[in-house]
Amino acid sequence: MSQSKTAGPVPEDKKAEEEQPRSPREIRLVMVGLVVTMLLAMLDNLIVGTAMPTIVGDLGGAEHLSWVVTAYTLATAASTPIWGKLGDMYGRKGTFLTSIVIFLVGSALSGLSQNMNELIGFRAVQGLGAGGLMVGVMSIMGALVPPRDRGKYQGMFAAVMALATIGGPLVGGFITDHLSWHWTFYINLPLGVVALAVVIVTLKLPKVRSTAKIDYLGAVLLTVGITSLVLITTWGGQQYAWGSKQILGLAALAAASLIAFCYVEQRVEEPMLPLTLFKNLNFTLVSIIGFIVGFVMFGSTVFLPLYQQIVQGASATNSGLLLMPMMFGMLVISLVVGQAVTKTGKYRIYPIIGTVVMTGGLVLLSTMGTETSSFTSACWMIVLGAGMGFLMQITMLVAQNSVELKDMGVASSTATLFRTIGGSFGVALFGALFNNRVTDTMKEKLGEQAAAGGGVKDPGQMSPAALRKLPENIQDAYHHAVSNGMHTVFLWGAGVAVIAIAAALFLREVPLRGTGQGEKPAEAPLEAAAA
């Protein structure tokens, strides 16, 4: 594999400024702007996730439950590597601010949606901006704070996670119950204005101008490949049979696009996603783990509120509150692990523990039925959240520690990309599995004609309020159908999570960089896997 060329010499003032250690006060001021932006991104997921059953129940269609999220995640996945590369080439501050503006425009348009097609399209615009939010936060932090010292600043991110965890479901549920779901998108606007102002004032980075050309062909090929794969998981066995010409055609398109992408990336001057990154064993393994974390996290947050509202009878507000145990477990463990890594410089044990605990949480959640209490489901969610808490920060930390500072943006975007693609696959695959199991159960309980006549064959068309108006026998059948759907979803999730356990076991304990950002990363080559 050929080495990619450099986009030209890095300006000496830029190099000196980024490699110069920042004072704790300066870093704290910058972190304020970053955590406000992270709050913006996290609140959107939590608020919209809580309101999703009502949104889809209002606009109709089970396929739309997946597509409202899939359009967002597809756009995020497609734009993520572009944002990361643009930040490395032209400066992180400008691209970061641009992504915030696009996200806010998409939020406003989503709130104005009058039908499902508009909502899906505007969610895609929102996703384009979202692709740069987390990449910007992580790459800027990675450039300013060395990996060994990053745990000192985890408290700020832990605080914003707590605020989003507590406030997001509450705000989303309150808006859904007492206002209109349109306001779940409008709420982003005032927070986004604050984020823009804080970032502009506090974030001081050198301006950069590269003479290299953007890898547009690579971006297009990667987008086509990702989109084709997600469409396969969304349509396969649902809209089209797995052996249909549509699915086989998408599979061929995905394979051709990704093969061509790999070919192009080895030959362009400034590749969108340098394949040389994957020569590092740890980078490859944490990319796999990050994919599975996204797979599990997105799938859980989309479908758990549906179970809580339909089967456990919770309101939108209460279902948001009932998600808090999972988020709280994630928050506490993430904070503790961050501090421990800073103190000891060791991290390998945490992904191993995290993948095992996450798998156990999924198995426990698969046991939920129509009689499962809210307390029991909360305990299982704590286990799942704790497992993800071991992994959320570590995967990004290891990815950034595996590259030089000049590639911080592309490393951050690649790690984020794999998590985003995992989320897209998780929602699409979980949606297909869930809908199939619900439909089969309704046929078993009521017969095919009765299920269709009851209007509940498609779970996306049934809001909690509409379900309560149906005869008791149909309600009972639908409760069992949703419970069976959850069992299938989480059992398959546990099977996928086993792969993350295997990947974590092969991670190597590579020393974290200390206070010198200019240090080259320690090597963990793929050849070391045989050692």
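What follows is a short chat about the predicted model shown above.

Visitor: What should I know about the model before reading values off it?
Guide: It is predicted, so local features need pLDDT of at least 70 and side-chain atom pairs count only at pLDDT 80 or more, while totals for chains, interfaces and linings use all residues. Residues are numbered from 1 along each chain as its sequence is written, and side-chain values use heavy atoms, with hydrogens and water left out.

Visitor: How many helices and strands are there in the protein chain?
Guide: There are 19 helices and zero strands, taken as DSSP runs (helices H or I, at least four residues; strands E, at least two) numbered from the N terminus.

Visitor: How much of the chain is buried?
Guide: Of its 531 residues, 60% count as buried, meaning under 20% relative accessible area, with exposed over 50% and partly exposed in between (1.4 Å probe, protein chains only).

Visitor: Is Q126 buried or exposed?
Guide: Q126 counts as buried because its relative accessibility is 0%. Q126 is in helix α5, residues 116–144.

Visitor: What is Q126 in contact with?
Guide: Leaving aside neighbours within four places in sequence, Q126 is in contact (heavy atoms within 4.5 Å) with D44, Y72, F103, G106, S107, S110, F185 and N188.

Visitor: Different topic. How do α14 and α19 cross?
Guide: The axes of α14 (residues 349–365) and α19 (residues 472–505) come within 8 Å and cross at roughly 170°. The axes are lines fitted to C-alpha atoms over the stretch in contact, with angles from 0 to 180 degrees between N-to-C directions. That makes the two helices roughly antiparallel (over 145 degrees; under 35 is roughly parallel, 65 to 115 roughly perpendicular, the rest oblique).
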